[in-house]
Amino acid sequence: MKQWLLETFIEPSGTQTIVVLTLVCAVGLLLAKMRFGKVTLGVTFVFFTGILLAHLGMPTDYEILTFAQNFGLVIFVYALGLEVGPSFFPSLRNQGVIYNLYGVLLMAVTYVFIILFHYLFDVSMANLLGIMSGAVTNTPVLAAVQSTLQSAYPDATREVADVALAGAVTYPLGIVGVILAFVVLDWLHPKEQEQEQEEAREAFVTEFEVINPELSGLSVRDLVSRINLHFIISRIWRDGHLIVPTSQSQVQQGDHLLILSKQEDVDTLTQYFGKREEGKDWNRPDINWDAIDDNLVSKRLIITNPDLNGAKLGSLKLRNKYGINITRIDRAGIELLPNPELYLQHGDRLTVLGEAGALSQVSKLMGDSIQMLDKPKLVSFFFGLLLGCALGTLPVFIPGMSIPIRLGLAGGPIIIGILMGAFGPRLRLATYMTNSATQLIKQLGIAIFFAALGLSSGEHFVETLIDGGGLLWVALGFFITVVPTVLVGLFALKLRGKGYPETAGFLSGTMANPMALDFAEEQTGSRASSVAYATVYPVAMFVRIITAQILLLFYL
């Protein structure tokens with residue numbers, strides 16, 4: 001019995017290391033359920049559990065730990081890329097450009113402080129970037145910095161471990177620091193403008209009756225183009241019957257139109273159509289829009305027809321052929337805007353509104369077979385991993401730098417994951433994974449990565465924290481978390497006139513901090529925060545990984 005215990009838990013071997021890794025993951029994830037008020041460190045507890053065991057002297061096989069750390073990282077960042085890929089390029093359009101520019105500004109301010117700290121406190125750039133990764137709660141950046149440092153100096157084992165320790169000591173205050181920054185911004189931002197901005201963001205729903213004889217016989221397209229206002233005709237009621245309008249639907253005198261517009265445009269639209277119906281308040285929060293008409297049915301349909309994988313939504317002409325409206329599209333937990341230029345993907349869930357007979361026909365077109373989603377498409381998954389690892393090891397030579405840049409196992413897989421998620425359907429590649437499968441792979445990868453990272457770097461944790469400059473690291477990390485966030489937040493709020501919900505959202509996304517997003521949404525009660533978060537998060541993740549490596553190599 002004693003020999004079995006020694007071989008299983010104490011004597012370093014492949015089996016013993018796997019047993020210790022699973023133990024660290026299990027205990028760490030159990031502790032992850034702990035909350036301190038509204039704040040939790042989540043899966044980061046796995047990291048600290050590994051550090052504790054290493055500090056207590058738990059031996060492990062170094063090569064197995066290295067493999068586990070790299071493999072966990074690769075599957076985590078690749079699944080992350082697949083998840084954010086569909087929204088990555090759309091986020092670069094329209095309002096997303098502004099949000100992402102603010103995110104880039106926040107990163108630039110952070111790097112300015114990092115460079116100043118490098119000269120003021122004589123802290124190595126590698127350790128400062130480790131501090132930053134903890135301060136902005138961005139694990140892939142930590143892994144990218146470690147990978148780049150190890151590629152440049154294969155024997156720098158202690159230095160690579162110090163980067164992880166720098167991230168570990170600053171991570172807890174990184175979570176709390178963003179929330180503290182939001183408290184400061186909430187106190188400082190111009191609240192008198194907030195209500196006006198919120199009203200301007202929301203569409204106002206109004207029912208009009210067509211009295212103007214000049215509009216009779218016009219198509220919906222001509223009706224909208226004749227007036228220089230942006231509005232959407234959602235429904236037409238004629239003699240008590242509902243018509244789901246298409247661009248070619250003709251309007252007649254006496255029709256009742258349900259229109260989405262800006263509230264300030266309602267008076268102009270009233271003059272245009274002739275009469276505004278005052279009998280019903282269409283802006284009440286308790287209205288179920290999918291159930292206001294008895295002869296309409298709302299149903300969620302899943303695309304499982306392989307012929308539609310990669311097809312443009314507009315090319316199907318669903319509204320004109322079947323008289324239905326697509327109100328929402330869900331792709332692996334991410335809500336996408338129904339857009340004629342959107343490329344559909346295997347596994348997309350479309351919320352469709354229309355008559356029961358029409359929905360039955362559309363269901364056959366879509367496939368709508370949940371059983372077909374049970375088997376993940378592993379061929380494209382492993383093919384993407386292969387391409388990601390290959391891209392990560394590809395050297396890129398930049399003039400003036402003696403060491404080539406490599407994206408590493410954090411940068412390469414996330415780029416390929418984003419490209420596969422965004423363009424895979426256009427190439428007829430089935431990259432779809434259910435949201436639960438995506439989250440499972442991400443959680444498995446990050447847990448294994450944290451466990452191996454903690455076990456490999458935790459031996460000197462207490463020594464570093466007390467005698468090796470760890471307290472300075474904590475102070476610098478807290479500064480990096482709070483000050484740039486407040487500065488850029490105030491710039492967006494006061495100088496650029498952004499609302500607090502959007503500002504908190506893009507700040508949370510740039511800092512990769514979902515706990516801060518939850519705090520902001522509870523503060524504001526607005527969905528605008530999560531929209532800004534989703535818009536900024538993929539771009540910020542990519543830019544941080546790449547720029548951190550470039551800065552490290554420049555100073556190496």
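Trainee: Which residue forms a salt bridge with Asp162, and how far apart are the closest N and O atoms?

Mentor: Keep in mind that this is a predicted model. A salt bridge here needs a Lys or Arg side-chain nitrogen within 4 Å of an Asp or Glu carboxyl oxygen. The partner of Asp162 is Arg158, with the closest N and O atoms 3.2 Å apart. Both residues sit in helix 8, residues 157-188. They are 4 residues apart, so about one helical turn separates them.

Trainee: How many salt bridges does a search of the whole structure find?

Mentor: The search finds 5. One of them joins Arg226 to Glu214, with the closest N and O atoms 3.8 Å apart. Arg226 lies in the loop between helix 10 and strand 2, and Glu214 in the loop between strand 1 and helix 10, so the pair ties together parts that are 12 residues apart in sequence. Glu214 is exposed at 54% relative accessibility. Arg226 is partly exposed at 47%.

Trainee: Which residue does Asp255 meet in a salt bridge?

Mentor: Asp255 meets Arg238, at 2.8 Å from N to O. This pair links distant parts of the chain, 17 residues apart. Asp255 is in the loop between strand 3 and strand 4, while Arg238 is in strand 2. Asp255 and Arg238 are both buried.

Trainee: Which residues are linked in a network of salt bridges?

Mentor: Glu209, Lys275 and Glu277.

Trainee: Now the rings. What describes a pair of aromatic rings?

Mentor: Two values do: the distance of the centres and the angle of the planes. The whole structure holds 18 aromatic pairs. In one, the rings of Tyr272 and Phe273 have centres 5.1 Å apart and planes at 65°, so the pair is edge-to-face. Tyr272 and Phe273 are both buried.

Trainee: Which residues do ring pairs link into a cluster?

Mentor: Phe47, Phe48, Phe449 and Phe450.

Trainee: What is a disulfide, and how many does a search find here?

Mentor: A disulfide is a covalent bond between the sulfur atoms of two cysteines. The search of this structure finds 0. Cys25 is buried at 13% relative accessible area. Cys389 is partly exposed at 27%.

Trainee: Which residues make a nonpolar surface patch?

Mentor: Val112, Leu116, Leu120, Phe121 and Leu472 make a patch of about 450 Å². Helix 5, residues 95-120, gives the most, with 3 residues. Val112 is in helix 5. Val112 is partly exposed, at 48% relative accessible area.

Trainee: Where is Lys442, and which residues does Lys442 touch?

Mentor: Lys442 is in helix 16, residues 435-457. Leaving out residues up to four places away in sequence, Lys442 touches Phe76, Ala79, Leu80 and Glu83. Lys442 is buried, with a relative accessible area of 12%.

Trainee: Zoom out. How many helices and strands are there in the protein?

Mentor: There are 21 helices and 9 strands. Of the 556 residues, 53% count as buried. Take the contacts between residues at least 6 apart in sequence: 79% join residues at least 24 apart. The accessible surface comes to about 25700 Å², and 61% of that belongs to carbon and sulfur atoms.

Technical notes. Residues are numbered from 1 along each chain as its sequence is written. This is a predicted model: local features need pLDDT of at least 70, side-chain atom pairs count only at pLDDT 80 or more; totals for chains, interfaces and linings use all residues. Side-chain values use heavy atoms; hydrogens and water are left out. Patches are made of residues with over 30% relative accessible area and no salt bridge: like charges are joined within 9 Å, nonpolar side chains (Val, Leu, Ile, Met, Phe, Trp, Tyr) within 5 Å. Accessible areas come from the Shrake-Rupley method with a 1.4 Å probe; for residues, only the protein chains shown count as cover. Helices (H or I, at least four residues) and strands (E, at least two) are DSSP runs, numbered from the N terminus. Buried means under 20% relative accessible area, exposed over 50%, partly exposed in between (1.4 Å probe, protein chains only). Contact means heavy atoms within 4.5 Å. Rings of Phe, Tyr and Trp (its six-membered ring) pair if their centres lie within 6.5 Å; planes under 30 degrees apart count as stacked, over 60 as edge-to-face and the rest as tilted. A disulfide is a pair of cysteine sulfur atoms within 2.5 Å.
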